Amino acid sequence: MLLILLGVLILHVIILILLIVSTAATAWSVANSGGKDLWYQCSTNNGGYHCQPSSNEDWIQAVQALMILSVLFCFFSLIAFLYQLFRLVKGGRFFFTAIFQILASVFVMCGAIIYTVMCPKDDTYTHFGYAYVLAWVAFPLCLISGLIYIVLRKKE
């Protein structure tokens, strides 16, 4: 049982790291002339690297909010898991932790979908960067982790 709890805890920390890196990284959309992320739009012009704040469009602000919510809910889920680990009655399930983790997966999924649909293709060589891929990798891991928390029961 201790190995299962340790494995779930390590998976949870890995998911949290993936979400933080995905939210903060500067490579959601990459082109030859620069890149875009959730916060800045950077380009190389005349031998210099220039960054401007991201646009104020509603869709990018929605993606920003959803990614921040996913990080927060994943973090609160980790805190809830640690609290329930020591305070939960024997035989109890980690429902509160599972709900927060599943909500985090829904938030990251919605943010990635909105970015996929709404991201403008400025350059013919524009493609999605590693931060975008990390968000999509974090989604199923977060969902699986939430489902594990539903099934997981504190040993009697």
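In what order do the elements of the chain run from the N terminus on? They run α-β-β-β-β-α-α-β-α.

**Figure 1. The whole chain, a predicted model.** The chain has 4 helices and 5 strands. Both are DSSP runs numbered from the N terminus (helices: H or I, at least four residues; strands: E, at least two). Along its principal axes, the C-alpha trace spans about 65 × 25 × 20 Å. Of the 156 residues, 44% count as buried; buried means under 20% relative accessible area with a 1.4 Å probe, protein chains only. Residues are numbered from 1 along each chain as its sequence is written, and side-chain values use heavy atoms, without hydrogens and water. Local features need pLDDT of at least 70 and side-chain atom pairs count only at pLDDT 80 or more, while totals for chains, interfaces and linings use all residues.

**Figure 2. Helix H1 against helix H2.** H1 covers residues 2-24 and H2 residues 58-87. They pack at an angle of about 160°, with axes 9 Å apart. Axes are lines fitted to C-alpha atoms, for helices over the stretch in contact, and angles run from 0 to 180 degrees between N-to-C directions. H1 is therefore roughly antiparallel to H2 (an angle over 145 degrees). The contact (heavy atoms within 4.5 Å) includes Leu5, Leu9 and His12 of H1 and Met67, Phe75 and Phe81 of H2. By class, this contact has 16 nonpolar, 5 polar and no charged residues. Ala, Val, Leu, Ile, Met, Phe, Trp, Tyr, Cys and Pro count as nonpolar, Asp, Glu, Lys and Arg as charged, and the others, Gly among them, as polar.

**Figure 3. Helix H1 against helix H4.** H4 covers residues 130-151. The axes of H1 and H4 come within 9 Å and cross at roughly 150°. That makes H1 roughly antiparallel to H4. Among the residues in contact are Val8, Leu11 and His12 of H1, and Ala131, Leu134 and Tyr149 of H4. Here the classes are 15 nonpolar, 3 polar and no charged residues.

**Figure 4. The largest nonpolar core.** Such a core is a set of buried Ala, Val, Leu, Ile, Met, Phe, Trp, Tyr and Cys residues joined through side-chain atoms within 4.5 Å. H1, H2, H3 (95-118) and H4 each supply at least two residues. H2 gives the most, with 9 residues.

Notes
Parallel < 35°, antiparallel > 145°, perpendicular 65-115°, else oblique. Buried < 20%, exposed > 50% of the residue type's maximum accessible area, 1.4 Å probe, protein only.
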